[in-house]
Amino acid sequence: MKIHHFFIAFLLFSMTITAQESPLVNIETYGGTYAYDVKYATDDNFLKTTVYDCVQCLLLPEVAEAIAAANHDFCELGYKIQFFDCYRPLSVQKKMWAIYPNPSYVGNPYKSGSIHNRGAAIDMTIVKLDGTPLDMGSDYDHFGKEAHIDHPNHTDTVKANRKILWEVMKKNGFSVIRTEWWHFNYDAKNYGLKVLDIDFDCSE
């Protein structure tokens, strides 16, 4: 009887550990050179508060592989990816919704949430290999028409920079959304994914 109880306890413990394991990987494990400007790890964002404990880009493995491939393509053109945001815990999504409940810009965490909450979306731009930024026509998280991908009144330079960004990302399986030039969903992972609320492991 004691052995039976021990086995049940061990089984429940194992199930708990398995349930807590994260399906996400750090993009750094795939190699490559990246730049980071993760605003949510600072108070320089539209929330006006720090909501990330550290700077990391976590993604589902298939998505991370596609990002690494895209970055390789950008590097061959003289650029590299700069991350604004990758995986976003659902708890952070709720904070964003409380401050800015506009589904055109913030996924409703009480409905479908965001692809960010599933580890299959990325907010990014590209910079030159020496870190020099490119003009994309608006700042990150600019909630206005200048950030829309169909905004017609940008300069030729902005249009050319955005074209490079979008063409390489599309080649590697990503699509942009209308209101945010910086946001990309990995098309193969848009459906059937669970919303995650896993904290960052800042010990890594």
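In this predicted model, A35 stands opposite Q82 in β4, within an open sheet of 5 strands. Residues are numbered from 1 along each chain as its sequence is written. Because the model is predicted, local features need pLDDT of at least 70 and side-chain atom pairs count only at pLDDT 80 or more, while totals for chains, interfaces and linings use all residues; side-chain values use heavy atoms, with hydrogens and water left out.

**Confidence**
- The mean pLDDT (the predictor's confidence in each residue, from 0 to 100) of the protein is 88, and 88% of its residues reach 70 or more.
- Where pLDDT is low, the predicted coordinates should not be read in detail.

**Sheet**
- The strand order is β2-β4-β5-β7-β6, with mixed pairing; strands (E, at least two residues) and helices (H or I, at least four) are DSSP runs numbered from the N terminus, and two strands pair if DSSP finds at least two bridges between them.
- The edge strands, β2 (35-36) and β6 (174-177), each pair on one side only.
- Strands of a sheet pair through backbone hydrogen bonds, either parallel or antiparallel.
- β2 pairs with β4 in the parallel sense over 2 bridges.
- The pairing of β4 with β5 is antiparallel and runs over 6 bridges; here I126 in β5 is the bridge partner of I81.
- Strand β5 (residues 121-128) also pairs with strand β7 (residues 180-186), in the antiparallel sense over 3 bridges, and D123 stands opposite H183 in β7.

**Packing and burial**
- Helix α2 (residues 61-76) packs on the sheet and touches β4 (79-85), β5, β6 and β7.
- The direction of α2 makes about 140° with that of β4; axes are lines fitted to C-alpha atoms, for helices over the stretch in contact, and angles run from 0 to 180 degrees between N-to-C directions.
- Strand β4 is largely enclosed by the rest of the structure, because 7 of its 7 residues are buried, that is, under 20% relative accessible area with a 1.4 Å probe, protein chains only.

**Largest pocket**
- About 370 Å³ of space lies in the largest pocket; a pocket is an open set of points, on a 1 Å grid over the protein atoms alone, where a 1.4 Å probe fits, with protein on both sides within 12 Å along at least five of seven lines.
- Of its 21 lining residues, K39, F84, S138, D139 and Y140 are the closest to its centre; lining residues have an atom within 4 Å of a point.
- β4 and β5 each supply at least two residues of this lining, and β5 gives the most, with 3 residues.

Key: Contact = heavy atoms within 4.5 Å. Buried < 20%, exposed > 50% of the residue type's maximum accessible area, 1.4 Å probe, protein only. Points joined across faces, edges and corners; volume = space filled by probe spheres on them.
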